[in-house]
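Please look through the sequence and the structure before reading on.

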Amino acid sequence: RRYRKIDFKRFYLARARRLMPALFAVLVAVVLYARWQEPETLWDLRIQTLAAIGYFYNWYAILSGGDYFSSYEIIPLQHLWSLSLEEQFYIVWPVALIGMLIASRGRAWVRRLIPYALVAGALLSALAAFVIFHGGDTTGTTDMVRAPMTVFGFEANRLLMVYMSTITRAGGFLAGAALAFWWQPDLRPPTSPRFNRLLDVGGLLSMVAMVLLTNLQWFTEAGIYEAGVNGGAVLVWIICAVLIMAVSKRESVWMQRLFVQTPLVRLGVVSYALYLYHWPVMQFYRKEPFDTIPLWGIALMLPVLWVIAEISQKYFERPIRKMGMTAYLETLKPGVRRTAMASAGIATLIAVAALVTAPASTSDFQQDIDRVEQSADGIAPGEKTERLVIGDSITALLTVQYQQRGYVVDAAVA
């Protein structure tokens, strides 16, 4: 705004400094820990690491099958699907914005239509989620892989397509971009005290609404999806918009007092590191699929995560973001710099070697399939036979895998 231009180089460099060093660090840490304690996960970590670095993890998760909410596998990088979405937006949005501004040059009325066009795009995204969701049978048990669909020639989980895809998630980003066009409180004339009070109340009510909506115990898994695609996502956009407006308005006294509290400010400062590390720590803590984390385990993990996040932010993220990697290293004492560079290099080499030499592993999921197939040994070619398989949610998940191998499945959920 100050220079009346968009500096692509500066924007993308800032994004790279902000996101990539910390991401690279957590990837190396996860691979090293897996090599030490969970070597059976290294085989899958190869493609997962590439998907995380390339920022297409959401599409990898969609096309690789499985169930995001299931606990039958330990997947320490699964949370990075949302970071991939964010980066996809950062790649596309500046270019799209330039295109819209060029198209509206000299035509003020066209420029005024841009936020409305963004809202229309957001609603189309919500409509896409609705159509995809209702395009198949989305009823059943919590962990059932329901109504697979074909995406780019691959069979994909329909519910993951709704939950993780760039198409269905673009709505939130576009709605936020539209709000940025409309809501610029520091550049607008002062608003009335009555409006400020209403905004304050709206912000507090929005916080309460978000707490209620994020308490997933209110819904079954199918209910969460159905509520989201049947208008719930649009409701969340509106709630978030009101909350952002209230927090960003200096005259919103209550919201300003609440969000300037030191714990919340500090939480915001270390939030990216907490996001990166919380899921791997939780997954490796479980040790075995289906293990749950007791409350005392969560109580132990929280301070550990906070310490990791503080260290990452103070000694890694913030200095690199402010100065860049080269300039930051030059500020260190020669001995410290050599030690840091050598340690980082050795850790990276070990991690890469661990991924390259990872033995092919068979997951518990695949082993269950193999057992059923082995039970058919000795059956003559063309001979028909039946097998009765009784189990829990894993058996339900295996239905799709059986069908892909030519089995005719007559399944029922008790």
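Which residues in the largest nonpolar core touch the most other members?

The model is a predicted one. Its largest nonpolar core holds 59 residues, and the members that touch the most others are Leu 23, Leu 42, Tyr 57, Leu 80, Leu 83 and Leu 276. The element that gives the most to this core is helix α1, residues 8–37, with 9 residues. There is also a second, separate core of 8 residues, with Leu 199, Leu 243, Ala 246 and Met 255 among them.

## Overall make-up

The protein has 414 residues, of which 36% count as buried. Its secondary structure comprises 17 helices and 2 strands. Where contacts in the protein link residues at least 6 apart in sequence, 76% of them join residues at least 24 apart.

## Helix α1 and helix α12

Helix α12 covers residues 271–286, and it packs with α1 at an angle of about 15°, the two axes being 10 Å apart. Angles under 35 degrees count as roughly parallel, and α1 and α12 are therefore roughly parallel to each other. The crossing of α1 with α12 is right-handed.

On the α1 side, the residues that meet α12 are Arg 18, Leu 19, Ala 22, Leu 23, Ala 25, Val 26, Val 30, Tyr 33 and Ala 34. On the α12 side they are Tyr 272, Leu 276, Tyr 277, Pro 280 and Phe 284. By class, this contact of α1 with α12 has 13 nonpolar residues, no polar ones and 1 charged.

## Helix α1 and helix α13

α1 also packs with helix α13, residues 295–323. Here the angle is about 145° and the axes are 9 Å apart. This crossing, of α1 and α13, is right-handed.

From α1, the contact uses Arg 17, Arg 18, Pro 21, Ala 22 and Ala 25. From α13, it uses Phe 316, Glu 317, Ile 320, Arg 321, Lys 322 and Met 323. The residues of the contact of α1 with α13 divide into 6 nonpolar, no polar and 5 charged.

## Helix α13 and helix α11

Another partner of α13 is helix α11, residues 262–269; the two pack at an angle of about 65°, with axes 10 Å apart. That angle makes α11 roughly perpendicular to α13. Arg 266, Leu 267 and Val 269 of α11 meet Trp 306, Glu 310 and Gln 313 of α13. This contact of α11 with α13 contains 3 nonpolar, 1 polar and 2 charged residues.

Is Ser 312 buried or exposed? Ser 312, found in helix α13, has a relative accessible area of 8%, and is therefore buried. Beyond residues up to four places away in sequence, Ser 312 touches Ala 273, Tyr 277 and Glu 317. Ser 312 and Leu 274 are 38 residues apart along the chain, and their C-alpha atoms are separated by 9.4 Å.

## Ser 165 and Leu 85

Ser 165 is in the loop between α6, residues 158–164, and α7, residues 166–182. Its relative accessibility is 0%, so Ser 165 counts as buried. Not counting residues up to four places away in sequence, Ser 165 touches Asn 58, Trp 59, Ile 62, Leu 85 and Leu 160.

Leu 85, one of those partners, is found in helix α4, residues 81–103. Leu 85 counts as buried because its relative accessibility is 6%. Apart from neighbours within four places in sequence, Leu 85 is in contact with Asn 58, Met 164, Ser 165, Thr 166, Arg 169 and Phe 173. From C-alpha to C-alpha, Leu 85 and Tyr 57 are 8.4 Å apart in space, while in sequence they are 28 residues apart.

## Backbone at Tyr 55

Most residues other than glycine have a negative phi. Tyr 55 is not a glycine, yet has a positive phi of about 55°. Tyr 55 lies in the loop between α2, residues 42–53, and α3, residues 57–63. With a relative accessibility of 9%, Tyr 55 counts as buried.

Definitions and conventions:
Residues numbered from 1 in each chain as written. Predicted model: local features only at pLDDT ≥ 70, side-chain atom pairs only at ≥ 80, totals over all residues. Heavy atoms only, no water. Core = buried A, V, L, I, M, F, W, Y, C linked by side-chain atoms within 4.5 Å. Buried < 20%, exposed > 50% of the residue type's maximum accessible area, 1.4 Å probe, protein only. Helix = DSSP H or I, 4+ residues; strand = E, 2+ residues; numbered from the N terminus. Axes fitted to C-alpha atoms, helices over the stretch in contact; angles between N-to-C directions. Parallel < 35°, antiparallel > 145°, perpendicular 65-115°, else oblique. Left-handed = near helix turned anticlockwise from the far one by under 90°. Contact = heavy atoms within 4.5 Å. Nonpolar A, V, L, I, M, F, W, Y, C, P; charged D, E, K, R; others polar.
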